[in-house]
Each structure stands twice: as structure tokens, then as C-alpha cells.
Amino acid sequence: MPRAKVRMLAVEDNDLDQQMVEHIAKRAKDDVDLTMVSNYQELKAAIVHPEGFHLVLSDYNLGSNDGADVARESPYHTVIMTGWPVEKIAERAVSAGALSAISKDVLLKDPRELDKLISMARESVVGKAPSMV
């Protein structure tokens with residue numbers, strides 16, 4: 001039985017990085033239905049989507065808000081991506097409720113990394129992600 005399409009919400013305020021996220025979503029092993037928003041306010045409006053999301057992939061630096069704010073606000077499995085050294089972000093992101101933090105360079109260079117994040121969301125019992133089977 002084929003897996004259900006993965007509904008992913010991405011929060012990214014940089015146009016070039018939005019294109020990167022779209023690119024990696026197309027390379028994922030699973031069929032990804034991507035919704036892109038560009039700031040924290042749009043995230044708050046998008047998370048009430050009636051079908052929900054399996055995964056939220058958020059930039060860390062979002063102007064007056066950051067990825068930790070997204071992790072706290074999102075009722076879904078959240079992964080924070082950053083162009084900064086990931087070690088500086090990971091502890092804060094996970095403490096705020098994120099599943100993980102990852103470097104944007106790693107995501108771009110290795111398409112299997114998004115697959116790993118999707119698998120983490122599938123297997124996690126944290127959060128309120130809709131069924132992904």
C-alpha cells in the first residue's frame with residue numbers, strides 16, 4: 001500500500017532559500033505537498049489548515065521571531081533549518097519542542113536528509129501530526 005502524500009509547511013523569509021526548499025521537496029522519496037509561507041504571521045494563519053501538516057520545516061532567523069517561536073507555536077512536528085552553525089541552534093530549537101535542527105547546506109547537498117526528517121516525523125510520538133500511513 002503506497003504511503004499518503006506528506007503535507008509539509010515551510011517557513012522561509014528568503015526568496016532564494018524558498019527555492020531551495022521547493023527543490024529539496026521535489027527530490028524527496030515521498031510525494032510532498034508543500035505549502036510555503038514567508039513569515040511568522042503567515043505561519044500562524046497556515047497552521048489552522050483543516051488537513052494539518054505532517055512536518056513544519058522552518059528557518060531559524062525570521063526577523064522579530066525565530067525557529068524556537070515556530071516550534072512552540074506549531075502543533076505539528078517541527079524541524080528548524082539554519083544557515084548558521086547548527087550546534088548553536090539545535091539545543092534551543094529542541095528545548096522549544098522541535099524534533100531537530102539541520103543546516104540548510106546539508107539539506108541541499110543530500111536529498112536523503114529530508115527523507116530522514118520525514119521518517120522522524122512519521123515515527124515520533126511527540127506533537128499532533130495527522131496520520132502518515
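Asn65 belongs to strand β5, which spans residues 65-66. The model is predicted. With a relative accessibility of 15%, Asn65 counts as buried, because buried means under 20% relative accessible area. The side chain of Asn65 makes a polar contact of 3.3 Å with the side chain of Asp69. Leaving aside residues up to four places away in sequence, Asn65 touches Tyr40, Gln41 and Tyr60.

Across the whole structure, a search finds two aromatic pairs. One of them joins Phe53 and Tyr76: the ring centres are 5.9 Å apart and the planes stand at 80 degrees, so the pair is edge-to-face. Phe53 sits in the loop between α2 and β3, while Tyr76 sits in the loop between α3 (67-73) and β6 (78-82), so the pair ties together parts that are 23 residues apart in sequence.

Gly52 is placed in the loop between α2 (40-46) and β3 (55-59). Between Gly52 and Tyr76 there are 7.9 Å in space, C-alpha to C-alpha, for a separation of 24 residues in sequence.

The table gives the relative accessible areas for this second region.

| Residue | Relative accessible area | Class |
|---|---|---|
| Gly52 | 3% | buried |
| Phe53 | 2% | buried |
| Tyr76 | 12% | buried |

Gly52, at 3%, is thus buried in the loop between α2 and β3.

Note on methods: Residues numbered from 1 in each chain as written. Predicted model: local features only at pLDDT ≥ 70, side-chain atom pairs only at ≥ 80, totals over all residues. Heavy atoms only, no water. Helix = DSSP H or I, 4+ residues; strand = E, 2+ residues; numbered from the N terminus. Buried < 20%, exposed > 50% of the residue type's maximum accessible area, 1.4 Å probe, protein only. Polar contact = N/O pair within 3.5 Å; in protein donor to acceptor, adjacent residues only side chain to side chain. Contact = heavy atoms within 4.5 Å. Phe/Tyr/Trp six-rings, centres within 6.5 Å; stacked < 30°, edge-to-face > 60°.
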